[in-house]
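Dear colleague,

Please find the structure below, together with its sequence. My notes on what was found in it follow, and I would be grateful if you read them beside the coordinates.

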Amino acid sequence: MKKTPYSDPTMAAVYNRVATPLQFAPPAKDLVEMLQLQIGDTVLDVGTGTGAVALAAMPALGSTGFVVGVDAAIEMLAFARRSAGYPVAVAQIPELPYRDRTFDVVTASFVITHVPDYGRGLSELVRICRIGGRVGMTAWGSLPNPGAQLWSDIASQYVPRKQLDNAFRAQIPWDEWFSQPANIRQALEDAGMATVTIQTRQYHVRMSSTDFLSAREASVQGIVLRQELNDDGWDQFRHRVRDAFRNRFGESVEYDRDVHFGTGVRSAC
Ligand SMILES: C[S@@+](CC[C@H](N)C(=O)[O-])C[C@H]1O[C@@H](n2cnc3c(N)ncnc32)[C@H](O)[C@@H]1O
């Protein structure tokens with residue numbers, strides 16, 4: 001199993017406490033609504049993380065349906081088990097341990113951007129979805145995030161920006177590409193989905209500056225920066241970034257993020 005930043009226990013804990021409720025739960029709820037889950041549906045949530053999509057899906061499935069979650073990082077699944085209590089397993093796209101046409105619905109929220117061969121990844125989601133079943137994915141759009149920009153500007157005075165960007169791209173190679181809705185449509189159609197629908201929604205995010213900085217420290221770039229700096233350098237960076245955030249944003253950071261949703265029905269061939 002590929003080691004990812006999500007396998008870092010600190011990152012998983014911050015993701016669960018800050019990112020899941022404030023950034024990932026609102027689009028998860030919308031993705032579930034768009035997929036029109038029915039009572040009795042069987043759902044596989046791929047890259048389930050700490051459980052945002054599964055938690056949103058469960059109420060729609062009744063006592064006869066269920067959701068299963070898989071993720072590459074057991075550290076994330078530990079939180080998913082605790083918060084939502086659904087069955088989870090460690091597994092990685094593009095090799096999922098399920099027979100063809102197993103599930104009524106397959107979801108992958110903010111995951112496909114991480115998969116080096118996204119085409120194979122999407123084909124795998126389609127393979128395990130029954131004919132006539134639904135597949136849904138999400139990806140971030142390209143609205144600017146001023147807090148992340150300020151953090152990166154300061155970080156790049158400690159570690160070359162290129163190194164931070166390369167570390168990010170090594171983990172999430174398709175972030176920029178999937179920020180274009182036309183690319184999501186193309187990728188889903190190429191993977192064998194029919195009647196593909198693309199929607200974009202915007203979300204207002206507000207979090208304390210302290211939480212925002214914790215989330216940044218637990219991000220891919222934060223982990224790289226920590227590895228590159230000695231203790232003094234890291235302390236100095238943290239003080240600087242804290243002062244800069246206090247001056248620019250005060251106690252809380254607010255911004256809008258756009259999310260693209262791609263949903264489709266599995267065609268017969
Ligand atoms: C940004 S998080 C999204 C988590 C969750 N879907 C949500 O909306 O909160 C990405 C998740 O995908 C997982 N992941 C990354 N690459 C994966 C792969 N190839 N197969 C399965 N999971 C993967 C990570 O471990 C992480 O939990």
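The whole structure contains 14 salt bridges, a salt bridge being a side-chain nitrogen of Lys or Arg within 4 Å of a carboxyl oxygen of Asp or Glu. Please note that this is a predicted model, in which local features need pLDDT of at least 70 and side-chain atom pairs count only at pLDDT 80 or more, while totals for chains, interfaces and linings use all residues. Residues are numbered from 1 along each chain as its sequence is written, and side-chain values use heavy atoms, with hydrogens and water left out.

Salt bridges

Asp211 and Arg17 are joined by a salt bridge with an N to O distance of 3.0 Å. This pair links distant parts of the chain, since Asp211 lies in helix α8 (residues 209-217) and Arg17 in helix α1 (residues 9-34), 194 residues apart. Helices (H or I, at least four residues) and strands (E, at least two) are DSSP runs, numbered from the N terminus. Arg17 is partly exposed at 48% relative accessibility; here buried means under 20% relative accessible area, exposed over 50%, and partly exposed in between (1.4 Å probe, protein chains only).

A further salt bridge pairs Arg120 with Glu95, their closest N and O atoms being 3.1 Å apart. Arg120 belongs to helix α4 (residues 118-127) and Glu95 to the loop between β3 (88-90) and β4 (103-109), 25 residues apart. Arg120 is partly exposed, at 45%, whereas Glu95 is exposed, at 57%.

Arg161 and Asp153 also form a salt bridge, with closest N and O atoms 2.7 Å apart. Arg161 is partly exposed at 35% relative accessibility, and Asp153 is partly exposed at 30%.

Helix packing and nonpolar cores

Helix α9 (residues 220-228) packs on helix α10 (residues 231-249) at an angle of about 135 degrees, with the axes 8 Å apart. Axes are lines fitted to C-alpha atoms, for helices over the stretch in contact, and angles run from 0 to 180 degrees between N-to-C directions. The angle makes α9 oblique to α10, because angles under 35 degrees count as roughly parallel, over 145 as roughly antiparallel, 65 to 115 as roughly perpendicular and the rest as oblique. Gly222, Leu225 and Arg226 of α9 meet Asp231, Trp234 and Phe237 of α10 in this contact, where contact means heavy atoms within 4.5 Å.

The largest nonpolar core has 60 residues, of which Leu37, Trp151, Leu225, Phe237 and Phe245 touch the most other members. Such a core is a set of buried Ala, Val, Leu, Ile, Met, Phe, Trp, Tyr and Cys residues joined through side-chain atoms within 4.5 Å. Helix α1 supplies the largest share of this core, eleven residues. Leaving aside neighbours within four places in sequence, Trp151 is in contact with residues including Leu213, Gly222, Leu225, Phe237 and Phe245. A second, separate core of 29 residues includes Leu44, Leu122, Ala139 and Met193.

In helix α2 (residues 52-61), the buried residues are Ala52, Val53, Ala54, Ala57 and Leu61. Their cover includes α1, β1 (42-46), β2 (66-71) and β4. Gly62, which follows α2, has a positive phi near 65 degrees.

Gln180 sits in the loop between α6 (161-171) and α7 (181-190) and is partly exposed, at 39%. Its C-alpha atom is separated by 10 Å from that of Val259, 79 residues apart along the chain.

With kind regards
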